[in-house]
Every structure is written in structure tokens, then in C-alpha cells.
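Okay, thanks everyone, I'll keep this short. Have a look at the model on the screen, and I'll walk you through a few spots in it.

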Amino acid sequence: MASHSDTLVVFFGATAGANGGKLGSDERELILLVWQIVDLHENKVGKLHRTLVQPDSVDLSEQCKEETGLTAEELCKAEPLESVLQQFHQSVSAELKSLGRSSYTLCVDGPLLIRQVLHPEASKKNLVLPECFYTFVDLKKEFHKCCPNAGPVKDLTLLSMLDYVCIQATVEQEAGLREVKDMVLLILHVLADPYNHKFSAFETVNYKFESGACSKTEAVDSETVIRARGLPWQSSDQDIARFFKGLNIAKGGVALCLNAQGRRNGEALVRFINSEHRDMALDRHKHHMGSRYIEVYKATGEEFLKIAGGTSNEVAQFLSKENQMIIRMRGLPFTATPQDVLGFLGPECPVTDGTEGLLFVKYPDGRPTGDAFVLFACEEYAQNALKKHKQILGKRYIELFRSTAAEVQQVLNRYMSTPLISTLPPPPPPMVSVPVLATPPFITTGNTRDCIRLRGLPYTAAIEDILEFMGEHTIDIKPHGVHMVLNQQGRPSGDAFIQMKSADRAFMVAQKCHKKMMKDRYVEVFQCSTEEMSFVLMGGTLNRSGLSPPPCKLPCLSPPTYAAFPAAPAMLPTEAALYQPPLLATPRTPQAPTHSPAPAFAYYSPQLYMNMNMSYTTYYPSPPVSPSTVSYFAAPPGSVAAAVAAQPTPAILPPQPGALVRMQGLPYNAGVKDILSFFQGYQLNPEDYSSLVGVSDQGRSFIQPKEWLCL
């Protein structure tokens, strides 16, 4: 069989609208085809053919009438495009047979005729093009290879190329014949000495769009990405690829955009294989998809990665099965299992690889979202599944839609990046200040997701087990960055928080260690922020809607930052006995406070792994205790409270640096004793009690009718 370089078919066409450099930009139909065979082996040419094509609309532009000289009456007598393409294929095949050749390649003056006219029009008319229209050579690029000094490819024209090699243009009256003859002259010239050019740069048109996953670490050139706007909401990636038929879209290069509610917003980001195809896509601005016109604009690689990029191993494994139909299920019961979904779909639409072809979408804490993606091996199975749209599973109706690999990534990215807590009450402005924290903050709250949460730890797990579980990522842990979470009984809760050196490190650990085994249990690993970690460590708990506030409902009790307490002010001997330090995970040698000449006792706050000195009970009463403390402090006896209550109370609190607590809803007969009893367990010196409580002579706070307590 002869190679593609043995025979070229010089191919030319014109539309009812713009031609030349704007060919195909106005979405007008083909009205003229001209072709001629060139035998590259023997430098022979075949017969010149010219055929008119009947368009659906014979309304010709003035430019078309002037350049082609055609009239509407002539076109009405012509054959439709499908018949003309059949004639072309039969004519070329017969002529090749007479030359002893069996294959050929189209040669065009620029890619617009093939990519911007022929393929889009055939796609709209549901025509199946012969295989020969999926491979071609661009005469301009071939000429630039043998004559690189002729100028950039985009600036080359037939006349400029002929002038460069000193060939006189053909004098021909009929449009189409003139162009084809000039192209043949140019081809024969570059085949001869001194060029002896070999046609080898064959361009291809993709038969179909290939879906696939895109990694966030992948480099995406901004010169290859466009944004399409105005898409029908039910359009799929294949529909978008069909709109851009003739242009080569990168694998997995269609990303449908979703709105804040997770529904398609009529936009998509499309990534092409190079900037040339991107520029041709921009020329399809306001072309039609059905009855809707689609706007096409430039976009950036960062925008594309934000929508389509992902690094989840679970998603990558799910999307590793190529050439699969993807269906999105929405509205699933939160208790739905893979078997429930398979039963709902039934035997008429089998899922690829059974339960392996299901991907349930979950929040970072593992709660189900009600969404799932399903893989089907063929279009028939997908169509059968779509027929179950809004059928009932359990007590809920299920919505089913066509989906894409990029949408899978986008939905997973959106839910996995959802904070564990949506909003936190802002800290109130300080009313009265009291010196509480003596050192700079140890943990500062923030929204940077540089922490990870371990859930499902064995109750016997120790710090060494966590470090072994982390493996090579241990070096990325911040100093004092491991925080064990205990329950209200002071026992391990199975949870832990770890502060990493950066958000990227935390993300990588969450991906690589998620569901990794520790002893006989798998441990779930989620990325979270310092703010979320601190909220849990201070007593917040998880529920079905996210994080619930700590046991104390007063938002003012949560300090803006947390600090280490190297030493507390000296206490009376009788009081020191009441505040014995709890069991420390890593005991240390007591140090006397520097501000007291003869201290009787030094206070040591509870310590977690890596000498993390954080006294959460400083801010929350007990019981219940903070989940991060090993034990809690006993309350001072009634005699101490009574002695403190008997001391005089200032009418107005002087401004001091510290923390403030507001109390609302106190009984009107509440006195100092009742308030001190309510705050049992705080490490306060007896001489400070009188300066910390401001109430009126009626037993109320100093602001009426709302009561206040300042610590």
C-alpha cells in the first residue's frame, strides 16, 4: 500500500459568507468544492474537478457573490453536501485506482476549510465524513518548512508564496479553479530541485472527545483555554466537543462550571491542544448550539485548574476507566449504600465493575452529601439509567444527569474544601480588660487549612503510633503540633489534630494517609484549618450539620487566641492544695514564678505531646471538661468562695488588658456567691476575686436590666 505522501488531493472550498482568512467565522454553509490529484511519486497531476453544493439557505453575502460569481439560481440546481461528498470519494477512488495508488491525503491552503467549515457543518447535519477528512497537510506549513525565510505561517498567502519562489500566478476567471491551479504549481515547485521537499507534517482531526482526569499539579497554558457561555444546562462534555468539532480538545479538556448550589450555570472551560486551535475556537463566538448562540471568550490555565484540577487518589482511580459514560445522581438518602444504588438502577443498566463504578460524594468529615457518580460501559446503559430520573429510592426522588470527568473533580473539590464549620461567631469587643495571658499566643486561629484531623484512631493509640502512622510526613509537623482529643470522661475519643508546616503539606498528607491502617483499624484523615482545630479542642463537637459550639453557650468565653502558661501567679498554700496539676503526658520540672520572692507553689497547666502547655479549662468550667485535658481542676470550697464574696467590690471596673465574659439572663436575686459558684474551677487568686466581679447592691450586674460578669 502506498504511503500518504505518495498522493495528494489538492482541496479548496468556499462558503456563502466570508472566505479567505475569515472562512467559517460566520457559520455559513459550503457552496463550492474544487479538487485535483497530484502524484508525488511521478510528479503528475490528475483531472480538475469543480462541484457546486446546495446549501439549506441560498442567501449569499455580497462578498461571496463578488469573489465566486455564483448566483442563488445556480446553487438551487446543485446537489446537497452529502451527495457531493459521496461523488468526491467515488471520483478520487476511481482516479487513484487508475494511477495504481490506494491512499491519499488532502492538501489545503490553511486548516480553516477542514476544521472550521467542513467538520462543523457535517456535525450539525449529522453527516458521517469519510476517513480521508480526518487527516490533511497544510500547504502553508509545508512551504514554511522548506522556505523558513518567507515569513510567519499566519502571514503567508498563495500569492506571497508564489512571489517568493518567483512563480507567476495562474490567470483564471472562475473562482476555485484559480486557487487549486496555483496550489498545484507551488507543490510541484517545492518537490523539484533545489528544495526536494517531502510532505510529512500530517495534521489530524480527533474522531471523538476523550474524557479523563486533570491533576492540579499539571501545567496548563493559558493560551489554550477558552470560556464558553450560554450553554444549555443539560449539555454534556460530548455536546460541547461537538460544538467545537474539527478542533482538537485536550484529553479531559472540558470542564462544566457549577453555581453555588452545585448546579450547572451554563458555562464551561475548554482546553485545546495548542494556541492555534484556541484561536480558531474564538472565531466561533456566537455560533449556535441548537437554537442558542454560544459566547466564546479567552480564559486562563488557573481558571481551568480551579474547576477541573484535582489530586484525589479516589477520584483518579474512579476516572481511570476510560471511555465510560458518567451519570450524576443527586438527592440520595444519607443512609443509601452501594447496594441500594445498584438495586435502584436495576439489571437493565449494569454499573461498570459493580460497586467499584460508584463514587459517593462526602464532606471532609465523612458525612454524605446525597450525591454520587456512576460509570456505565456504553450509551445504552446510560440511557436506561436516565429513564429513572425522579424515581423514588427510599422516601426520596432521585435526579439523574449526564456528567463529565471534570464535573466529578469539581464537585469533589467543592465539597472537600467546605470548612468543617461554616461560620464562627465573631469575638465580641472587650468590655473590661484583665491580665490573663502572660506570654505570646501559642496557637493562633486562622482560615489557612494547614492542619489535619485524624478520625477513627484505636483507643489504645499513643503518640508513637501516630508518628509511625504519619511515616515520612512526620518531618512536616510543626513543633508542639500534635493534639490528642479526649472525651468528657478524659478518655481517648479516637480523634487527633496535627498542625503541619503548610497547607500544601496538610493536603498531601490527607490524600496519602486517608484510610491508611493503624493496628487493626483504618484511620480517616481530613484537611482542616487552625480555627476549626481550635474550636474542637476548646470543647466544640461534631454533629450532622458540622461543628456545634463548646458546652458553654456564651460566645465570649472563647478567647481569640490561646497561649502557653509557663507559670501562674503565686497562690496561698491552702489554695495551692486545691489546684494540683493533673497527670501530664510529658512531665517537666517545676519552676518557681519570677514575680514572687517566696512562692509556696507553682502552677503547671496540662501538657499534651511535645510539651504543648495549653490550659483549656482556663476558659471553660468543668464538668464537662475540655476534650483536650487529661483531668479537670476541683472547684474551690464554699469557704474560699464565701471569703472572696465578702470582700468589697468596686462600682466601676478599671480598664485592664485581658479577657471579658458577658453573662446574660442571671436571676435577679443572684449574688456574688452564686456567680463565683457558677465559675467554679478557674485559677484565680483570692485577692483577685473582688476585682473581677461587678454587681449592683441588688445582686445584679452593673448594667441593668442585662447582667454582666467580667473576668
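Before I point at anything, a word on numbering: when I say strand, I mean a DSSP run of E with at least two residues, and the strands are numbered from the N terminus. Also keep in mind that this is a predicted model.

So, with that in hand, let's start in strand 15, which covers residues 325-330 and is where M329 sits. Is M329 buried or exposed? Its relative accessible area is 0%, and since buried means under 20%, M329 counts as buried. What's around it? Setting aside neighbours within four places in sequence, M329 is in contact with V341, F344, G370, D371, A372, V374, I398, E399 and L400. Take A372 from that list: 43 residues separate it from M329 in sequence, yet the two C-alpha atoms are 5.1 Å apart.

Let me zoom out for a second. The protein chain has 711 residues, and 51% of them count as buried. It contains 21 helices and 30 strands. If you take the contacts with a separation of 6 or more, 72% are between residues 24 or more positions apart. As for the accessible surface, that's about 33,600 Å², with 54% belonging to carbon and sulfur atoms.

Next, helix 10, residues 301-308. The buried residues here are G301, F304, L305, I307 and A308. Looking down the axis of helix 10, those buried residues fall within an arc of 165°, so they line one face of the helix. On the face turned away from that buried side you'll find E302 and K306, which are exposed.

And what do the buried residues of helix 10 pack against? The list is strand 8, strand 9, strand 10, strand 11, strand 14 and helix 14. With helix 14, the packing angle is about 75° and the axes are 7 Å apart.

Last stop: Q36, in strand 2, residues 30-39. Q36 is buried too, with a relative accessible area of 9%. So where does its side chain go? It reaches the backbone oxygen of G46 at 2.8 Å. Beyond neighbours within four places in sequence, the contacts of Q36 include L8, V9, V10, V45, K47, L48, V180 and V184, along with G46 itself.

Okay, that's my tour. Happy to go back to any of those spots.

Technical notes: Residues numbered from 1 in each chain as written. Predicted model: local features only at pLDDT ≥ 70, side-chain atom pairs only at ≥ 80, totals over all residues. Heavy atoms only, no water. Buried < 20%, exposed > 50% of the residue type's maximum accessible area, 1.4 Å probe, protein only. Helix = DSSP H or I, 4+ residues; strand = E, 2+ residues; numbered from the N terminus. Arc of directions from axis to C-beta. Contact = heavy atoms within 4.5 Å. Areas by Shrake-Rupley, 256 points an atom, 1.4 Å probe, with all protein chains shown as cover. Polar contact = N/O pair within 3.5 Å; in protein donor to acceptor, adjacent residues only side chain to side chain. Axes fitted to C-alpha atoms, helices over the stretch in contact; angles between N-to-C directions.
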